[in-house]
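Hi,

Here is the model I promised to pass on.

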Amino acid sequence: DKAKVTGEYLMSAINFHPNHHQFVRLANGATRFGLGIDSLNNALIPLPPLAEQRKIAEILRTWDEAIESSDAELKAKQERKRGLMQKLLAPIGQGSGKSIDWVKIKLGELGEFYSGLSGKSAADFGSGSPFISYNSVFGRSRCFIEGQPLVRVEQGENQNIVTYGDIILTGSSETA
């Protein structure tokens, strides 16, 4: 006699990290994972009574709907910001309606560019002074010194010092 399961519960149970990890462990293949019938047949999934499955699925569905609503709201706000940026940052002649004179200037005329830490090995990290890591900059509009990783800087060593108000750009990345 086969156990009864709802599809919504089963989908959630399979995607739950400990259960999903089981499938990853059972999978074979180097570049593309494959699960054989035997592996699927022998995978263990916690299965509460049908009424409990329905309650769990309903709770998780409610959260999914709330997340989707939040995602839609976030996307709408991002779109509004893009429109606002177009209005505020577009030079005259590109629909901005501005009556002031705009000029184009090379970034190099606004400040200086320099690279990050240099000459460091793994042994230098974990103690010392805070430094701004790539992950602290990429995809963010602000960077805070609290919680930054530490690096040991020896006396006389020539490292750059960042001060409040500096603009930090990532010089290289897999993502433009």
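A quick definition before anything else: I call it a salt bridge when a side-chain nitrogen of Lys or Arg lies within 4 Å of a carboxyl oxygen of Asp or Glu. By that rule, Glu157 forms a salt bridge with Lys120, with 2.6 Å between the closest N and O atoms. Glu157 sits in the segment after β2 (150–151) and Lys120 in the loop between α4 and β1 (125–130), so this pair ties together parts that are 37 residues apart in sequence.

Some housekeeping. This is a predicted model, so local features need pLDDT of at least 70 and side-chain atom pairs count only at pLDDT 80 or more, while totals for chains, interfaces and linings use all residues. Residues are numbered from 1 along each chain as its sequence is written, and side-chain values use heavy atoms, with hydrogens and water left out.

**Overall picture**

The protein has 5 helices and 2 strands, in the order α-α-α-α-β-α-β along the sequence. Helices here are DSSP runs of H or I with at least four residues, strands are runs of E with at least two, and both are numbered from the N terminus.

Of the 176 residues, 12% are buried. Buried means under 20% relative accessible area, exposed means over 50%, and partly exposed is what falls in between (1.4 Å probe, protein chains only). The accessible surface comes to about 15,100 Å², and 56% of that belongs to carbon and sulfur atoms. The areas are from the Shrake-Rupley method with a 1.4 Å probe, and for residues only the protein chains shown count as cover.

As for contacts (heavy atoms within 4.5 Å), residues 24 or more positions apart account for 51% of those with a separation of 6 or more.

**The other salt bridges**

How many salt bridges does a search of the whole structure find? It finds 6. Side chains of opposite charge can pair when their charged atoms come close.

One of them joins the side chains of Glu8 and Arg61, at 2.7 Å from N to O. Glu8 lies in helix α1 (residues 7–15) and Arg61 in helix α4 (residues 50–89), so the pair ties together parts that are 53 residues apart in sequence. Both ends are partly exposed: Glu8 has a relative accessible area of 31%, and Arg61 has 33%.

Another brings together the side chains of Glu79 and Arg82, at 2.6 Å from N to O. This one stays inside helix α4, where the two residues are 3 apart, about one turn of the helix. Glu79 is partly exposed at 46%, and Arg82 is also partly exposed, at 48%.

Finally, Asp124, Arg152 and Glu154 are linked in a network of salt bridges.

**Where α1 meets α2**

The axes of α1 and helix α2 (residues 17–26) come within 5 Å and cross at roughly 70°. That makes α1 roughly perpendicular to α2. The axes are lines fitted to C-alpha atoms, for helices over the stretch in contact, with angles running from 0 to 180 degrees between N-to-C directions. Under 35 degrees counts as roughly parallel, over 145 as roughly antiparallel, 65 to 115 as roughly perpendicular, and the rest as oblique.

On the α1 side, Ala13, Ile14 and Asn15 meet His17, Asn19, His20 and Phe23 of α2. By class, this contact has 3 nonpolar, 4 polar and no charged residues. Nonpolar covers Ala, Val, Leu, Ile, Met, Phe, Trp, Tyr, Cys and Pro, charged covers Asp, Glu, Lys and Arg, and the others, Gly among them, are polar.

In the loop between α1 and α2 you will find Phe16. Is Phe16 buried or exposed? At 52% relative accessibility, Phe16 counts as exposed. The C-alpha atoms of Phe16 and Ile45, 29 residues apart along the chain, are separated by 10.0 Å.

**Around Gln53**

Gln53, in helix α4, is buried, with 0% relative accessibility. Leaving aside neighbours within four places in sequence, Gln53 is in contact with Lys4, Val5, Thr6, Tyr9, Leu47 and Pro48.

Not counting residues up to four places away in sequence, Thr6 touches Leu50, Gln53 and Arg54.

Cheers
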